[in-house]
There are 2 protein chains.
Amino acid sequence: MSDISTSSSTPVQYTLIITGEEILSGKRIDRHIPFLNKTLYDLGLECLGCRVIGDSDSTLSELVKDALIKSDVVIVTGGLGPTLDDITREALSDATGIGMEENPQALKELQERFASMGRPMTDNNKRQALVPVQGRFFSNPNGTAPGLVFDLGNKLAVALPGPPRELEPMVLDAMAPFLMERFHLKKVFRSATLRFCCLGESNIDAVVREKLDAVPDLRVSSLSHLGTVELTLSLPDHGLEAEEALHRCVEVLRAEIGDYLYAEGQYTLEEIVGSLLKKKKETLAVAESCTGGLLGAAITSIPGSSDYFNGGVIAYTNTIKTECLDVDPDVITTHGAVSEECAAQMAAGACKSLNSDWGVAVTGIAGPGGGTGAKPVGTVCIAVASRKGAVEAKTWRFFGAREAIRRRSVVSALDQLRRILLNLPSINP
Amino acid sequence: MSDISTSSSTPVQYTLIITGEEILSGKRIDRHIPFLNKTLYDLGLECLGCRVIGDSDSTLSELVKDALIKSDVVIVTGGLGPTLDDITREALSDATGIGMEENPQALKELQERFASMGRPMTDNNKRQALVPVQGRFFSNPNGTAPGLVFDLGNKLAVALPGPPRELEPMVLDAMAPFLMERFHLKKVFRSATLRFCCLGESNIDAVVREKLDAVPDLRVSSLSHLGTVELTLSLPDHGLEAEEALHRCVEVLRAEIGDYLYAEGQYTLEEIVGSLLKKKKETLAVAESCTGGLLGAAITSIPGSSDYFNGGVIAYTNTIKTECLDVDPDVITTHGAVSEECAAQMAAGACKSLNSDWGVAVTGIAGPGGGTGAKPVGTVCIAVASRKGAVEAKTWRFFGAREAIRRRSVVSALDQLRRILLNLPSINP
């Protein structure tokens, strides 16, 4: 167990215990786990695990004791109300062996709060003025229950009020600053976020294992979402040294799979494509069949997209393909509406009829119906046409349900344009 | 420990273990705990607790063993991928002492899946065809990893795939029916789900409090999402009696706010509008400015939407509004592109140029830029035009960020058409 009263190179580790009957019965959605984990991760703390238990789970004291063995900090939310079935206060006192006493300041704040609410204060309520004899409390400007810190010297047990509107400001205004001072924290990790598209998480994982396995202390996490993968590399912060080591890792991946890397940092693919068009002062139009507007919706989700996006045609019927996008009816008869030939003419048509530098077209079978042996559900043709007349069409085979296929189509369409704008080799699916 | 192989009056108790590094680091918000708890609660199961742990937490096997002492069922999500750090399979095998073997059917489904993806299957992937020698597996139509049931006779350990789009259908289609049969469960609650749009959650809540407060044992939960509210009313199942009591509650709300009630059950607004058009054998076209395709994307998210949806024009520029939708340039000069006049002409233009029975148009200021004193960010004009020439245009003032404003616009546009198709009075925002 690291003595955390002095700064240590290993991250401060914590466990979360959320009390909430309504979460266990699916009536309420927990907000504390994402909020606390995000807030504490950014301070450099590491979460060992989270638990959700019932409101007056008699084992709470045991759970806290157990969690204190491995964790530097144990945080319990909820159960700080005035009634007897609010057991968190007593459970933490029991688990830490630290008693409680009525605190004059806490009592004063409690009385003022009731006064401001114009409500009489019962003796029950007075229990909310009990604070650890060894530790401190956080004032609660948004409720009656203060936050409690039971301080064991090398470990802490913290109790926070259950309502998010009370807990969240208390965490940001009181607990976070307290923990930073208590543990001499400065952001203890440097991290780089890389965003890939059109490359499977397992392929990326394989490259990371092969090329970065030897990097000491490297923390890698990846998050995959329908055609895109966000990869985060983190290293303990030794200043410039860590900075350079991270940079080297990024360069290694860039050398291996750089073409699939569409952004460093928190940018989306539609932002990247947008900024490329903006730089070139070029405009874009879309022609959508199976995506039905999803591509345009993605592009226009970016503020200021009107600088480079003109608009598009949602050509769900063949008539609209031929009438609004000048697709040759023979092409549809010969090759079908889901064909590279049709996609190419749709892209060129969007370019021309919407007077844009670039036209991107998507036509495919999103399912669940409409698949054939030759063109099963998931077959999607994507084409990019330029005002100068060049057209590139590709056929993809996506898997998953209708929405997954549509979203993957949008990612691949944006990436196909991105690669052309950057003169990168195109993918042959 | 209740022997759950025979039906028991005490509820079947379960523990959830969620694996997910990104949840501990606050990068991703867990969806499994609310989804699984709500689903299983409605089956009459009782959750003893939930845990969130890291992806390859070596203690998983111990945690499962420990949870199996108190729980009839232990459910673990995630960690079923093909790579070696996907440890859930082995951890459950170890915790239950039940071995695994390659299952021909599972292997066949896996091979078919890879074939459909047009991707080669590595030996790694073959691990995903391993199933418990004592138990069963759930097929995964949306991914490669099947669900696994390790069956101890009086207890179960279940492994489910991590991605929600794989887990959720598997739970509803396979796990829930399996558990109901296995434990001789009948739904212990009857519930009715009502879906409202364009009416605030607090307004609905107020009506519920005023009108349904006296109904004994009534459980009400509501879930609000950008312009729509899903309200669930539940009563303990006393057969027909509960059925009738629920029906009366629904009728009370229908009488009060029935116009805002677009569906009973799990239907979406786009499904409802689609089925109305289908019944009338009428067709729809859209003209989108600030939503940029989001309305078309919503409509085409429904399988079979090609039966009634022709397509649309994404008119992000004024030129496209005038050239592709016959909007009078003077209208834009006089009233602006964000005006009921412009919206009306866009809707009529979509109707005419895409030869449809109905045209729906959206033009507005989604922000963050572009707002003025007279037309602040969130000002959105929505119009519905019919082939016969009638047009109805409304101006809304939405709050929130760009995406929220765009999504609320889509909901209001669909609802405006819904009310016209049903001859309901239109909303005056």
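**Salt bridges, domains and the chain contact**

Analyst: To start, A:Glu210, A:Lys211 and A:Glu256 form a linked network of salt bridges. A salt bridge here is a side-chain nitrogen of Lys or Arg within 4 Å of a carboxyl oxygen of Asp or Glu.

User: What are the ground rules?
Analyst: This is a predicted model: local features need pLDDT of at least 70, side-chain atom pairs count only at pLDDT 80 or more, and totals for chains, interfaces and linings use all residues. Residues are numbered from 1 along each chain as its sequence is written, chains are lettered from A and ligands numbered from 1 in the order in which they are written, and side-chain values use heavy atoms, with hydrogens and water left out.

User: How many salt bridges over all chains?
Analyst: The count is 41.

User: Which residue does A:Arg28 pair with?
Analyst: A:Glu22, with N to O at 3.0 Å. A:Arg28 is partly exposed at 32% relative accessible area. A:Glu22 is partly exposed too, at 38%. The cut-offs: buried is under 20% relative accessible area, exposed is over 50%, partly exposed is in between (1.4 Å probe, protein chains only).

User: And what about A:Asp307?
Analyst: A:Asp307 has a salt bridge to A:Lys278, 3.4 Å from N to O. That pair links distant parts of the chain, 29 residues apart. A:Asp307 is in the loop between helix H11 (294-299) and strand E14 (309-315) of chain A, while A:Lys278 is in helix H10 (residues 269-280). Helices (H or I, at least four residues) and strands (E, at least two) are DSSP runs, numbered from the N terminus.

User: Which residue does B:Glu264 bridge to?
Analyst: B:Arg254, where the closest N and O atoms are 2.4 Å apart. B:Glu264 sits in strand E12 (residues 261-264) of chain B and B:Arg254 in helix H9 (residues 240-257) of chain B, so the bridge ties together parts 10 residues apart in sequence.

User: Switching topic. How is chain A divided into domains?
Analyst: Domain 1 is 13-182, domain 2 is 189-264 and domain 3 is 270-422. Those bounds come from an automatic or database domain assignment. The C-alpha centres of domain 1 and domain 2 of chain A lie 37 Å apart.

User: Is helix H15 of chain A buried or exposed?
Analyst: Of its 20 residues, 17 are buried, so H15(A) is largely enclosed by the rest of the structure. It covers residues 402-421 and reaches 29 Å from first C-alpha to last, close to the expected 28 Å. Expected span means 1.5 Å times one less than the number of residues. Just after H15(A), A:Asn423 has a positive phi of about 55 degrees.

User: Now the interface. How much area is buried between chain A and chain B?
Analyst: About 4,700 Å², with carbon and sulfur atoms giving 60%. Buried area is the accessible area (1.4 Å probe) that two parts lose on being put together, summed over both. In contact are 64 residues of chain A and 62 of chain B. Contact means heavy atoms within 4.5 Å.

User: How many salt bridges between chain A and chain B?
Analyst: The count is 0. E14(A) gives the largest share of chain A's side, 7 residues.

User: Where is A:Asn310 found?
Analyst: In strand E14 of chain A. A:Asn310 is buried, at 12% relative accessible area. Beyond its neighbours within four places in sequence, its contacts include A:Ser356, B:Ile314 and B:Tyr316.
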